[in-house]
Amino acid sequence: GLSARGVEKFKWVTAGGRICSDCEVRHGQVQTLDVWESIGLPKSGFSVCNEHCRCVLVPEGYIVEKPLKI
């Protein structure tokens, strides 16, 4: 699970490839972990991709050096 050691906010990052419409609108959004938990974490079943979701939450300010292009 996610550990929020000193991290206030997390950014939603899609995994590339086939991105469902529910996750696509979240890409790049930044929220507290409490907000993400209340509206749906990746793989939580909130989206049309359900547990097949490959998105991740990363600490705000985290730089993804090489985004996956699948």
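Lys43 lies in the loop between helix H2 (33-39) and strand S3 (56-59). Helices (H or I, at least four residues) and strands (E, at least two) are DSSP runs, numbered from the N terminus. The model is predicted: local features need pLDDT of at least 70, side-chain atom pairs count only at pLDDT 80 or more, and totals for chains, interfaces and linings use all residues. Residues are numbered from 1 along each chain as its sequence is written, and side-chain values use heavy atoms, with hydrogens and water left out.

Lys43 is not a glycine, yet its phi is positive, at about 65°. Most residues other than glycine have a negative phi. Lys43 is partly exposed, with a relative accessible area of 48%. Here buried means under 20% relative accessible area, exposed means over 50%, and partly exposed lies in between (1.4 Å probe, protein chains only). Asn50 is also found in the loop between H2 and S3. Its phi is near 50°, again a positive value in a residue other than glycine. Asn50 counts as partly exposed because its relative accessibility is 32%. Leaving aside neighbours within four places in sequence, Asn50 is in contact with Lys43 and Gly45. Contact means heavy atoms within 4.5 Å.

The chain as a whole has two helices and three strands. From the N terminus on, the order of elements is β-α-β-α-β. The chain holds 70 residues, and buried residues make up 27% of them. Among contacts with a separation of 6 or more, 56% come from residues 24 or more positions apart. The accessible surface comes to about 5,000 Å², and carbon and sulfur atoms hold 52% of that area. Accessible areas come from the Shrake-Rupley method with a 1.4 Å probe; for residues, only the protein chains shown count as cover.

Cysteine geometry was examined next. A disulfide is a pair of cysteine sulfur atoms within 2.5 Å. By this rule the count is zero. Cys49 lies in the loop between H2 and S3. Its closest cysteine sulfur is that of Cys20, at 3.6 Å, so the pair is too far apart for a bond. Cys53 is in no disulfide either; the nearest cysteine sulfur, in Cys55, is 3.8 Å away. Both residues are covered: Cys49 is buried at a relative accessible area of 19%, and Cys53 is buried at 2%. Cys49 touches Cys20 and Cys23, not counting residues up to four places away in sequence. The C-alpha atoms of Cys49 and Cys23 are 8.5 Å apart, although 26 residues separate them along the chain.

Several of these cysteines also line a pocket. The second largest pocket has a volume of about 150 Å³. Its lining consists of Ala15, Gly16, Arg18, Ile19, Cys20, Cys23, Cys49, His52, Cys53, Arg54 and Cys55. A pocket is an open set of points on a 1 Å grid over the protein atoms alone, where a 1.4 Å probe fits, with protein on both sides within 12 Å along at least five of seven lines. A cavity is a set from which the probe cannot get out, and lining residues have an atom within 4 Å of a point. Grid points are joined across faces, edges and corners, and a volume is the space filled by probe spheres set on the points. By class, the lining has seven nonpolar, two polar and two charged residues. Ala, Val, Leu, Ile, Met, Phe, Trp, Tyr, Cys and Pro count as nonpolar; Asp, Glu, Lys and Arg count as charged; the others, Gly among them, count as polar.

Thr14 sits in the loop between strand S1 (9-13) and helix H1 (21-24). Thr14 is buried, with a relative accessible area of 15%. Beyond four places in sequence, Thr14 touches Ile19, Cys23, His27 and Cys55. Thr14 and Val25 are 11 residues apart in sequence, and their C-alpha atoms are 9.8 Å apart in space.
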